[in-house]
Amino acid sequence: TAQAAAGTAAVRSGYAPIGALNMYYEVQGSGMPLLLIHGGLSTIQASFGALLPELIKHRQVVAIEQQGHGHTADVNRPLTFEQMADDAAALLRHLKIEKADVFGYSDGGNVGLALAMRHPDLVRKLVVAGTNYDNDGLDPKILALIRAAATKSKEEVAKDIPPQFSKAYAEVAPKPDNWSTLALKVMQLGAAFRGWMPEQI
């Protein structure tokens, strides 16, 4: 089992076989499970490293890295919030976690929303931060970056991303040369997003 030992802060990590994907995860702490879903282009440490020491004092924290992000290698399919939500649900079931609170940051918030919509039995409470429920809520500079990506090569797109993202990726990715592919896929994810209807939320 991937459950962390009670009362310790030891990190248990592994890969869950989810279809073609081998999803990386970390579990630490004890208590009510809290699923952390990182932002687009990010990693567990880049999104949550500063929060983890406090969170694990009170909760069993389950942190994941989505398709193509961090330790999790990419597979041959586009990124969608719905697919990533289904992957997160499969990970929870793999770990035999029947219900969790969910904290999603940025794009991870939209994955969290999709998780709650598609797998409500798994979600007790949901918190999102820095999340846009449609593209009208994006910073204009980010929206321009997403729209411009449609006319650029993946290498050009990758050059437009702030370097802290590629640095965090290179530190843990199984294939660091895939950074430009991830950058393009995340921009395409943003461009394809049509938003959630109020009644869905």
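Two residues are said to be in contact when heavy atoms of theirs lie within 4.5 Å. With that cut-off, A85 touches V111, A114, L115 and H119, residues up to four places away in sequence not being counted.

**Confidence of the model**

- The average pLDDT of the protein chain is 94, and 96% of the residues score at least 70.
- Residues 1–8 have a pLDDT below 50, although this stretch has 20 contacts in the model beyond near neighbours in sequence.
- Where pLDDT is low, the predicted coordinates should not be read in detail.

**Packing of helices α3 and α4**

- Helix α3, which spans residues 81–94, and helix α4 have axes that come within 8 Å of each other and cross at roughly 70°.
- Angles from 65 to 115 degrees count as roughly perpendicular, and α3 is therefore roughly perpendicular to α4.
- The crossing of these two helices, α3 and α4, is right-handed.
- On the α3 side the contact is made by F81, E82, M84, A85, D86 and A89, while α4 contributes D107, N110, V111, A114, L115 and R118.
- A85, placed in helix α3, has a relative accessibility of 0% and so counts as buried, the limit for that class being under 20%.

**N110 in helix α4**

- N110 belongs to helix α4, which covers residues 107–118, and with a relative accessible area of 0% it is buried.
- Which backbone oxygen does the side chain of N110 reach? The side chain of N110 reaches that of N132, at a distance of 2.9 Å.
- When residues up to four places away in sequence are set aside, N110 touches F81, T131, N132, Y133, F193 and W196.

**L91 and H94 in helix α3**

- L91 is a residue of helix α3, and its relative accessible area of 0% makes L91 buried.
- Apart from neighbours within four places in sequence, L91 is in contact with A16, I18, M23, Y25, V62 and I64.
- For one of these residues, Y25, the C-alpha to C-alpha distance to L91 is 8.4 Å, and the two are 66 residues apart in sequence.
- H94 also lies in helix α3, but H94 is partly exposed, with a relative accessible area of 38%.
- Neighbours within four places in sequence aside, H94 is in contact with A16 and P17.
- Between H94 and A16, which are 78 residues apart along the chain, the C-alpha atoms are separated by 7.0 Å.

- S47, found in helix α1, has a relative accessibility of 15% and counts as buried.
- The contacts of S47, leaving aside neighbours within four places in sequence, are with H38, G39, S42 and Y105.
- Helix α7, in which Q164 is found, is made up of residues 163–172.
- Q164 is 118 residues away from A46 in sequence, and the distance between their C-alpha atoms is 8.8 Å.

**Loop residues with positive phi**

- L41 is not a glycine, yet it has a positive phi of about 70°.
- L41 sits in the loop that joins β3 (33–37) and α1 (44–48), and with a relative accessible area of 7% L41 is buried.
- S106 likewise is not a glycine and has a positive phi, here of about 55°.
- The loop that holds S106 lies between β5 (100–105) and α4, and a relative accessibility of 23% makes S106 partly exposed.

Methods. Residues numbered from 1 in each chain as written. Predicted model: local features only at pLDDT ≥ 70, side-chain atom pairs only at ≥ 80, totals over all residues. Heavy atoms only, no water. pLDDT = per-residue confidence, 0-100. Helix = DSSP H or I, 4+ residues; strand = E, 2+ residues; numbered from the N terminus. Buried < 20%, exposed > 50% of the residue type's maximum accessible area, 1.4 Å probe, protein only. Polar contact = N/O pair within 3.5 Å; in protein donor to acceptor, adjacent residues only side chain to side chain. Axes fitted to C-alpha atoms, helices over the stretch in contact; angles between N-to-C directions. Parallel < 35°, antiparallel > 145°, perpendicular 65-115°, else oblique. Left-handed = near helix turned anticlockwise from the far one by under 90°.
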